[in-house]
Amino acid sequence: MSALAGKTAVVTGSSRGVGAATAKLLAAEGANVVINYRQKAPRANKVVAEIEAAGGRAVAVGADLTSAEDVNTLMQTAVDSFGSLDLLVLNASGGMEADLGEDYAMRLNRDAQNDALTAGLARLSEGGRVVFVTSHQAHFIDEVETMPEYELVARSKRAGETALTQRLAEMSGKGVSFVVVSGDMIEGTVTATLLNRARPGALEARREAAGKLYSVEEFAAEVAAMAMADVETGHVELVGGAEDFRARTAN
């Protein structure tokens, strides 16, 4: 029996992309999954329908992660729907949107992650886990510069990772472990598409430097694996292309 059988997972930003793919993989391992979306209910409901059609259990919850009230409702829905909260995958991120204000990246990628952890910790069961999903461009931003179009997002995501990591002792005190999963640009994601539009050739350049870029499904499999992996709290899993970043930090 899978370690996730009967457990409940909340996956933020899971109506599409890596979040949706991760949610489906967790459900396939027996987890009850809470699908989170900000605006696109039909897309989230489609993910729920696909999980249910495969024999899993899921529910969709609309929640703007920059609203502490919405975040509390999201976490409580896991407990109300399935009886517990055992896994929190902090996958949602953004900041390249032009219409949400220049402070939106920091509000979503740092402040909202911190609020989600607070709301999650109030409900996470002992032995639970929090997984924070980020990018190498953000994880290594203090040592390796990124393209200007992505810098605001990268710095805010790094600030989010730092803020969460500073709470390791608090998590351990509640019997909850914490893992970071960092990946290179992911083929087919909104961020990669936007960056390639802003800077034509950016995706090809990363593909060449990394040797290969992961697909959404491949990266999601790594995130899902870290939900169950036997690793120490605070572990950082670097997925694909990290050698290139490490080499540049050494220079």
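Author: Let us start with a pair in helix α6, where Glu161 and Arg158 lie three residues apart, about one turn of the helix. This is a predicted model. The general idea is that an α-helix has 3.6 residues a turn, so residues three or four places apart point the same way. In this case the side chains of Glu161 and Arg158 meet in a salt bridge, at 3.7 Å from N to O.

Reader: Are Glu161 and Arg158 buried or exposed?

Author: Glu161 is buried, and Arg158 is buried as well.

Reader: Which residue forms a salt bridge with Arg155?

Author: The partner of Arg155 is Glu151, and their closest N and O atoms are 2.9 Å apart. Both residues belong to helix α6 (residues 148-165), where they are four residues apart, about one turn of the helix. Relative accessible area is read against two cut-offs: under 20% is buried, over 50% is exposed, and what lies in between is partly exposed. Arg155 has 39% and is therefore partly exposed. Glu151, with 31%, is partly exposed too.

Reader: Which residues are linked with Glu151 and Arg155 in a network of salt bridges?

Author: The network joins Asp142 to Glu151 and Arg155. Over the whole structure, a search finds 13 salt bridges. Another one links Lys212 with Glu218, with 3.0 Å between the closest N and O atoms. Lys212 counts as partly exposed because its relative accessibility is 39%, and Glu218 is partly exposed with a relative accessible area of 33%.

Reader: Let us turn to the geometry of a helix. How far does α1 reach from its first C-alpha to its last?

Author: One compares the span with the value expected at 1.5 Å a residue. Helix α1 (residues 17-28), which has twelve residues, reaches 17 Å, close to the expected 16 Å. Just after α1, Gly30 takes a positive phi of about 100°.

Reader: Which residues of α1 are buried, and what covers them?

Author: The buried residues of α1 are Val18, Gly19, Ala20, Ala21, Thr22, Ala23, Leu26 and Ala27. Their cover includes the strands β1 (8-11), β2 (32-37) and β4 (85-90), together with the helices α2 (41-53) and α10 (216-228).

Reader: Which members of the largest nonpolar core touch the most other members?

Author: In a core, one looks for the residues with the most contacts to other members. Of the 34 residues in this core, they are Leu26, Val33, Ile35, Leu87, Val89, Val181 and Phe219. Two or more residues each come from β1, α1, β2, α2, β4, β5 (124-135), β6 and α10. Helix α10 provides the largest share, seven residues. Apart from this core lies another, of 29 residues, among them Ala78, Phe82, Leu108 and Phe132.

Reader: What is Ile35 in contact with, beyond its neighbours within four places in sequence?

Author: The contacts of Ile35 include Val11, Ser14, Ser15 and Ala23. Others among them are Ala44, Val47, Val48 and Ile51, as well as Ala58, Val59, Ala60 and Val61.

Reader: How should I read a residue in a loop, and where is Met185 found?

Author: One asks where the residue sits, how accessible it is and what it touches. Met185 is found in the loop between β6 (177-183) and α8 (190-198). Its relative accessibility is 7%, and Met185 therefore counts as buried. Not counting residues up to four places away in sequence, Met185 touches Gln137, Met147, Leu195, Leu203, Arg206, Leu213 and Tyr214. Of these, Leu195 is ten residues away along the chain, with 9.7 Å between the two C-alpha atoms.

Reader: How many cavities of 30 Å³ or more are found, and which residues line the largest?

Author: Rolling a probe the size of a water molecule over the atoms shows where empty space is left. Here the search finds one cavity of 30 Å³ or more. The largest cavity has a volume of about 40 Å³, and its lining includes Met185, Lys212 and Phe219.

Reader: What is the volume of the largest pocket, and which residues lie nearest its centre?

Author: The volume of the largest pocket is about 1,100 Å³. Its lining has 45 residues, of which Arg16, Ser93, Gly94, Val190 and Thr191 lie nearest the centre. The elements giving two or more residues to this lining are α1, β2, α4 (104-121), β5, α6, α8 and α10. Helix α8 contributes the largest share, five residues.

How values were computed:
Residues numbered from 1 in each chain as written. Predicted model: local features only at pLDDT ≥ 70, side-chain atom pairs only at ≥ 80, totals over all residues. Heavy atoms only, no water. Expected span 1.5 Å × (residues − 1). Buried < 20%, exposed > 50% of the residue type's maximum accessible area, 1.4 Å probe, protein only. Contact = heavy atoms within 4.5 Å. Salt bridge = Lys/Arg side-chain N within 4 Å of Asp/Glu carboxyl O. Core = buried A, V, L, I, M, F, W, Y, C linked by side-chain atoms within 4.5 Å. 1 Å grid on protein atoms, 1.4 Å probe; cavity = no way out; pocket = protein on both sides within 12 Å on 5 of 7 lines; lining within 4 Å. Points joined across faces, edges and corners; volume = space filled by probe spheres on them.
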